[in-house]
Amino acid sequence: MPLSYDPNAFDKVPKKDIRMLVSKMEWVWKHRHEIRHLSLKDNLVGYYKRRIDPYRIIYSYENDRDTMIVHLIGTRDEIYQDAQRQLS
């Protein structure tokens with residue numbers, strides 16, 4: 001199971017932006033060993049963030065198992081609050 005998406009990951013994303021976000025995350029997956037994964041803190045340790053303006057993507061990545069799961073996608077003003085509620 002390489003790159004996968006939580007069934008609700010795109011709930012707050014307009015349909016017109018989904019293809020672009022999937023394409024960008026496929027790029028992240030393809031370059032996962034070369035890029036820097038930005039860790040979240042506090043109750044969200046183990047999750048990472050990626051900025052794809054105007055969106056923020058919250059994902060988990062396990063190097064040992066070589067898997068990446070996109071959990072949440074949203075705008076900056078709401079994504080971290082949603083992550084606190086849903087992932088911690």
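**Strands and joining loops**

Modeller: Along its sequence the protein chain runs in the order β-α-β-β-β-β-α, which amounts to two helices and five strands. Its radius of gyration is 12 Å, close to the 12 Å that the globule rule gives for 88 residues, so the chain is as compact as a globular protein of that length. That radius is taken over C-alpha atoms, and the rule is 2.2 Å times the number of residues to the power 0.38. Helices (H or I, at least four residues) and strands (E, at least two) are DSSP runs, numbered from the N terminus.

The model is predicted: local features need pLDDT of at least 70 and side-chain atom pairs count only at pLDDT 80 or more, while totals for chains, interfaces and linings use all residues. Residues are numbered from 1 along each chain as its sequence is written, and side-chain values use heavy atoms, with hydrogens and water left out.

Along the principal axes, the C-alpha atoms fill a box of roughly 30 × 30 × 20 Å. Of the 88 residues, 41% are buried; buried means under 20% relative accessible area, exposed over 50% and partly exposed in between, with a 1.4 Å probe and protein chains only. The chain exposes about 5900 Å², of which carbon and sulfur atoms supply 46%. Such areas come from the Shrake-Rupley method with a 1.4 Å probe, and for residues only the protein chains shown count as cover. Taking contacts (heavy atoms within 4.5 Å) between residues at least 6 apart in sequence, 46% join residues at least 24 apart.

I begin with strand S1, residues 3-5, in which Ser4 is found. Ser4 is buried, at 17% relative accessible area. Beyond its neighbours within four places in sequence, Ser4 is in contact with Met68, Ile69 and Val70, and strand S5 covers residues 67-75. Tyr5 has 26% relative accessibility and counts as partly exposed.

The structure holds two aromatic pairs. Tyr5 and Phe10 form a tilted pair, 5.3 Å centre to centre and with 40° between the planes. Rings of Phe, Tyr and Trp (its six-membered ring) pair if their centres lie within 6.5 Å; planes under 30 degrees apart count as stacked, over 60 as edge-to-face and the rest as tilted. Phe10 is buried, at 19%.

Strand S3 (48-52) can be read from both of its ends. Tyr48 lies in this strand and counts as buried at 19% relative accessibility. Not counting residues up to four places away in sequence, Tyr48 touches His37, Leu38, Ser39, Leu40, Ile57, Ile58, Tyr59, Ser60 and Tyr61. The C-alpha atoms of Tyr48 and Glu34, 14 residues apart along the chain, are separated by 15 Å. Towards the other end, the C-alpha atom of Ile52 is 9.4 Å from that of Met20, a residue 32 places away along the chain. Met20 lies in helix H1, residues 15-30, and is partly exposed at 30% relative accessibility.

The loops come next. Most residues other than glycine have a negative phi, and most peptide bonds are trans. Asp42, in the loop between strand S2 (38-39) and S3, has a positive phi near 55°. Asp42 counts as exposed, at 67% relative accessibility. Asp66, in the loop between S4 and S5, also has a phi near 55°, and Asp66 is partly exposed at 26%.

The loop between S3 and strand S4 (55-62) contains Pro54. The peptide bond from Asp53 to Pro54 is cis, with omega near 0°. Pro54 is touched by Thr75, which also touches Tyr55, residues up to four places away in sequence not being counted. Thr75 lies in strand S5 and is partly exposed, with a relative accessible area of 27%.
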